[in-house]
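Please open the model in your viewer and keep the sequence panel beside it. The tour below moves from the whole chain to single residues and back.

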Amino acid sequence: MTRDVETRDELPDWAGAKEFYQKYDPKEIIGRGVSSTVRRCIHRETGRQYAVKIIEVTPERMSPEQLQEVRLSTAKEMEILHQVSQHPFIITLIDSYESSTFIFLVFDLMKRGELFDYLTEKVTLSEKETRCIMRSLLEAVSYLHANNIVHRDLKPENILMDDCLNIKLSDFGFSCVLKPQEKLRELCGTPGYLAPEILKCSMDETHPGYGKEVDLWACGVIMFTLLAGSPPFWHRRQMLMLRMIMDGRYQFSSPEWDDRSATVKDLISRLLEVSPEKRLTADQALQQPFFQSHQREGGPCVTPYHRFRIAAWTALACVRILVRWRRARPVTRELLIRDPYGVKGIRRLIDACAFRIYGHWVKKGERQNRAALFQNQPKALLLTMGDDEDPEGEG
């Protein structure tokens with residue numbers, strides 16, 4: 001049995017991981033975490049491809065307390081995954097192996113990678129793409145909540161995509177099972193996606209705590225980000241950003257939201273509701289017009305009346321296209337010099353070029369909030385309530 005040098009270095013106690021290496025052949029690294037590495041691997045008998053998450057639990061790099069915490073959290077994550085893996089939009093845990101220094105978790109291989117990377121490539125998504133992604137995500141969240149499980153770390157980095165752009169929710173390291181009427185008080189997650197009640201709970205000892213509603217707030221942040229290309233809450237000073245979250249202060253600003261429908265704005269507003277009691281549940285969100293007007297299953301029966309309406313709307317659309325074409329301003333050199341950001345196609349080109357040059361999004365004006373997309377901490381909440389320093393990576 002042959003293995004590359006890097007893999008051999010990763011696993012000093014070869015005997016403890018022999019079963020994994022007999023069954024799977026690990027390949028190149030496709031992702032990294034704080035204490036883990038994700039590799040593509042091949043099942044030796046069938047040739048099928050999977051992804052293996054290799055979690056390091058060596059005493060050289062961790063204190064005994066940290067080792068115990070990682071092992072307990074991994075065991076809890078595995079227990080939850082075994083409970084929910086049968087859902088089509090939740091990542092499936094195929095196999096698991098443990099040695100004295102490494103834990104191996106074998107999952108589905110999602111070849112397209114993270115939704116975060118797809119958004120980076122596309123800048124913004126259409127309402128049609130967003131509808132498909134958010135419907136799947138909300139169905140997964142609904143299933144979790146029906147089983148009294150709260151995820152607590154929903155963000156584009158933890159949503160994986162396959163070649164057909166189908167999604168699966170992953171990374172259940174912060175997830176936990178809630179008992180009836182139980183509330184949580186632990187401060188965890190990623191700063192830009194934290195619900196107001198999590199922050200208030202951390203600052204007020206008398207606060208009753210938070211529950212499953214925090215996942216719906218994160219869904220609202222994700223939906224906003226997919227459509228706008230930037231998060232709803234961001235500021236160079238972290239303390240000010242946290243105040244924006246607690247106050248629920250965000251804007252459907254121009255030009256990102258000029259051509260977005262009223263139904264999608266209404267849904268986001270109902271998800272980004274500061275009061276958790278007033279916030280939509282996952283099932284209620286799926287019943288909103290944004291999803292109900294475009295059902296997933298089956299095509300509707302087309303009656304003669306529907307055919308007439310389709311023909312009428314088609315004719316009206318053709319007339320509008322003709323009128324707008326006649327009124328359209330030609331893209332001249334003078335127009336580009338005066339207001340290049342006013343032309344949608346040019347605006348997207350500027351954003352793409354800015355990313356390649358600066359390594360993060362640069363938005364017109366002083367409010368460069370696209371940079372926040374590239375400043376999320378992947379697994380730990382490095383959050384100090386009094387920290388007013390600028391985020392790292394500011395261009």
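Of the 395 residues of the protein chain, what percentage count as buried? The share is 47%, where buried means under 20% relative accessible area, exposed over 50% and partly exposed in between, with a 1.4 Å probe and protein chains only. This is a predicted model, in which local features need pLDDT of at least 70 and side-chain atom pairs count only at pLDDT 80 or more, while totals for chains, interfaces and linings use all residues. Residues are numbered from 1 along each chain as its sequence is written, and side-chain values use heavy atoms, with hydrogens and water left out.

Colour the chain by secondary structure, and 14 helices and 10 strands can be traced; helices (H or I, at least four residues) and strands (E, at least two) are DSSP runs, numbered from the N terminus. Among contacts (heavy atoms within 4.5 Å) between residues at least 6 apart in sequence, 63% join residues at least 24 apart.

Next, select the largest nonpolar core, which has 80 residues; such a core is a set of buried Ala, Val, Leu, Ile, Met, Phe, Trp, Tyr and Cys residues joined through side-chain atoms within 4.5 Å. Leu137 and Met223 have the most contacts inside this core, and helix 7 gives the most to it, with 12 residues. Centre on Met223 and, leaving out residues up to four places away in sequence, display the residues that it touches: Thr130, Met134, Val264, Leu267, Ile268, Leu271 and Phe290. A second, separate core of 12 residues can then be shown, with Ala17, Tyr24, Phe102 and Val106 among them.

Just after helix 8, Gly248 takes a positive phi of about 65 degrees.

In the loop between helix 7 and helix 8, pick Trp234, which counts as buried because its relative accessibility is 7%. A C-alpha to C-alpha distance drawn from Trp234 to Ile245 gives 8.8 Å for two residues 11 apart in sequence.

Move on to Arg152, in the loop between strand 7 (149-150) and strand 8 (159-161). Is Arg152 buried or exposed? At 9% relative accessibility, Arg152 counts as buried. Its side chain makes a polar contact with the side chain of Tyr210 at 3.0 Å; a polar contact is a pair of N or O atoms within 3.5 Å, where within protein one must be able to donate a hydrogen and the other to accept it, and residues adjacent in sequence count only if both atoms are side-chain atoms. Beyond its neighbours within four places in sequence, the residues in contact with Arg152 include Phe174, Glu186 and Asp215.
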